Amino acid sequence: MSEKSKLIGGSFLFKDTSVESVFIPEEFTEEQLMILQTVQDFMIKEVQGLGIGRVAALDAEKDKDLVLSVFKKAGELGLCGVSIDEKYGGMGLDFNTSLLFTEGLAGGFSFATTIGCQTSIGSLPILWYRTEAQKIKYLPAIASGEKGCSYCLTEPGAGSDANSGKTRAVLNAEGTHYILNGQKMWITNGGFAEVFTVFAKIDEDEKLSAFIVEKGFGGIELGKEEKKMGIKASSTVQVFFNDCKIPKENLLGERGKGFNMALNILNSGRIKIAAGGVGGMKNGLAKILEYTTTRIQFNQPIAEFGAMKQKVGIIATNTFAIESGVYRIGAEVDKKHAELKESGSSYNDAKINAMREFAIECAILKVQGSEAMCNTGDEAIQMFGGMGYSMETGVEMAYRDARITKIYEGTNEINRMLSLGEFYKRAFVTKELNIKEGVVSVLSSIAQNYNPFNRGDLSQEMEFVNNLKALFLIITGSAGNKLKAKLVNEQEIVMNLADILAMAFITESAFLRVKKLNEKKGIDSTELAIKTKMAKLYLYDALDVARKSAHNAIDSYSSGIEKFILKRLVRRMLRTYSINPKDMRREVADYLMKMGGYKF
Ligand SMILES: Cc1cc2nc3c(=O)[nH]c(=O)nc-3n(C[C@H](O)[C@H](O)[C@H](O)COP(=O)(O)OP(=O)(O)OC[C@H]3O[C@@H](n4cnc5c(N)ncnc54)[C@H](O)[C@@H]3O)c2cc1C
């Protein structure tokens, strides 16, 4: 496999990404790490200190002012405007630093959703799709936290099928205003927002358009705060529009292009869910280690039991692997943005297209990040035993809060379908991915399985990574060939393929990171050894996931000689990876115990 360009989303499948080109979290600068520290400090002092999310919740009217006062403080500190350019009163962070910021938000529990919405889906539509005049009008108050903002796509009858909404906008007889009628549901920050990005159809259009709606326009009614399972410091309401009068110029972007906009904004939200998950898992590990090293049973800290170490090892491994993927793609988005600007794109187009480019990777990271985070919450309760089930420790809150991440910003089923659908689109419709390169890479991957020579450190692991990619391409190609357009209706197979795709991307990200660390000077050798073990452990589990998914997919559509050949290929390419997972997980857990958490 050879590298031609590193800035094409999904191209990781077809070629080797060079170690030099990949960004790894160890390369964050002091300045970037200070942003992380600032937000973490704020969350510990202002949110954890006041018990927001645990004892103070937005669905209790009495606590609303308390939560909103913290929101205002966050705004004063600049935390509401991290992605907004400095000229509009924000911090103007690059995308990867905004992901690091999102990781830090995790310390704010469900308050993270409030700030997350303000800095992402609430404000990015204006930042990316507005004219200069409109940006000047809206962004400074959003950046300072003076005005909350929200993103209104979902309706009672339009959830996953978001383009099927009934909310309508009709231009008035004078041609000056759109009159908006309809109902939105599950709107984060809706209870206090002053600015709403609303997706609605104009007249009898089939496709959505988007509007900026101010509360002050009138004709807006809010439902009560939803009583939710978790994220209780996050406002979630229904929003009703009754003849809401919107100035014509508040149409956001072009008529009929709102759905594309909605999806693209969600690309950014999706990778941010994974970044928040990384933060949540790190926080979870710290809490788990604090408890399990002090809880004595059978005359020893429970942290010393292999069953506990196995869980810690798995959580740490997932954290490491997802973190590798998140910041790899965050940096790619920034590079793509610079590339587009250099080639003459406008500010808005560069922002929009840089994000759109990595839709496949964002969907993968959203699914894997949210599932790893939910697993962490569940295992944390298990390791705390009865105390985990009690309201006293707060661990049950993490479990409840994490659960939403598998549902919003597109459910994980929708995101699995999206990752595969986007791959097909790029490979066969827009042809942004060069399918010929894919064929060459598959052939070279198959050949390398029959090469008896060891080709240096981590060569076996990189061979597995390439095999995961090649098998994805082989099975996807064969299923597509057999089922043609019917494949989209065979969702079980699509889910299987999406999981193989995800394993290929995340294992590659983990090993590229380890390989790059190997080439860096001054890296602590013990730390490097632990990181290498985590990458290997992730691969070990990923091969299991991919094996199962590959067999499931092949058994579901294939037969005869084709099935026989495909199954042999799976056995050969995803053969046993001979490591000792028990010993390795113990070593990882012991190291984390010594460090008091995931402190890399
Ligand atoms: C706390 C919270 C905050 C939210 N914040 C916002 C917000 O700020 N703005 C906003 O616009 N929305 C928001 N949402 C809405 C959220 O994005 C939707 O809930 C989500 O997209 C799923 O839609 P739904 O709830 O209607 O579920 P449905 O679409 O009814 O899905 C139910 C189940 O069916 C599955 N399913 C649906 N379609 C398919 C299909 N084609 N193939 C296979 N399976 C399918 C889903 O995967 C899911 O498992 C929020 C939701 C919650 C709960």
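Contact here means heavy atoms within 4.5 Å. The model is predicted.

**Helix pairs**

By that contact criterion, α15 and α18 meet through named residues on both sides. From α15 come Phe-464, Asn-467, Ala-470, Leu-471, Ile-474, Ser-478 and Lys-482. From α18 come Glu-562, Leu-566, Leu-569, Val-570 and Met-573. By class, the contact of α15 with α18 has eight nonpolar, two polar and two charged residues. Helix α15 spans residues 459-483, and helix α18 spans residues 560-573.

Two other pairs can be set beside this one.

| Helix pair | Axes come within | Crossing angle | Handedness |
|---|---|---|---|
| α15 and α18 | 10 Å | roughly 165 degrees | left-handed |
| α16 and α17 | 8 Å | roughly 160 degrees | left-handed |
| α8 and α10 | 10 Å | roughly 155 degrees | left-handed |

How do α15 and α18 run, roughly parallel or roughly antiparallel? Angles over 145 degrees count as roughly antiparallel. The α15 and α18 axes cross at roughly 165 degrees, and these helices are therefore roughly antiparallel to each other.

Helix α16 covers residues 491-519 and helix α17 covers residues 525-557; their axes cross at roughly 160 degrees. That makes α16 roughly antiparallel to α17. Their contact has 18 nonpolar, seven polar and four charged residues.

The axes of α8 and α10 cross at roughly 155 degrees. These two helices are therefore roughly antiparallel as well. On the α8 side, the contact residues include Met-308, Lys-311, Val-312, Ile-322, Val-326 and Ile-329. On the α10 side, they include Glu-361, Leu-365, Gln-368, Ala-372 and Met-383. The residues of this contact divide into ten nonpolar, seven polar and three charged.

**Nonpolar cores**

In soluble globular proteins, nonpolar side chains tend to be buried together. Here the largest nonpolar core has 143 residues. Those with the most contacts inside this core are Ile-271, Val-326, Leu-365, Phe-423, Phe-472, Ile-475 and Leu-592. Helix α16 gives the largest share of the core, 15 residues.

Which residues does Ile-271 touch, leaving aside those up to four places away in sequence? They are Phe-95, Leu-99, Val-326, Ile-329, Gly-330, Met-355, Cys-362 and Leu-365. Among these, Val-326 belongs to the α8 side of the α8 and α10 contact, and Leu-365 to the α10 side.

A second, separate core has 20 residues, including Val-39, Cys-80, Phe-101 and Ile-115.

**Single sites**

Leu-93 is found in the loop between α2 (64-76) and α3 (95-105). Is Leu-93 buried or exposed? Buried means under 20% relative accessible area. At 13% relative accessibility, Leu-93 counts as buried. Leaving aside residues up to four places away in sequence, Leu-93 touches Ile-35, Val-82, Ser-98 and Phe-101. Phe-101 is also one of the residues of the second core. Leu-93 and Gln-32 lie 61 residues apart in sequence but 9.1 Å apart in space, C-alpha to C-alpha.

His-337 has its place in helix α8 (residues 306-342). This histidine is buried, with a relative accessible area of 16%. Beyond residues up to four places away in sequence, His-337 touches Tyr-347, Ala-350, Lys-351 and Ala-354.

Definitions and conventions. Residues numbered from 1 in each chain as written. Predicted model: local features only at pLDDT ≥ 70, side-chain atom pairs only at ≥ 80, totals over all residues. Heavy atoms only, no water. Axes fitted to C-alpha atoms, helices over the stretch in contact; angles between N-to-C directions. Helix = DSSP H or I, 4+ residues; strand = E, 2+ residues; numbered from the N terminus. Parallel < 35°, antiparallel > 145°, perpendicular 65-115°, else oblique. Left-handed = near helix turned anticlockwise from the far one by under 90°. Nonpolar A, V, L, I, M, F, W, Y, C, P; charged D, E, K, R; others polar. Core = buried A, V, L, I, M, F, W, Y, C linked by side-chain atoms within 4.5 Å. Buried < 20%, exposed > 50% of the residue type's maximum accessible area, 1.4 Å probe, protein only.
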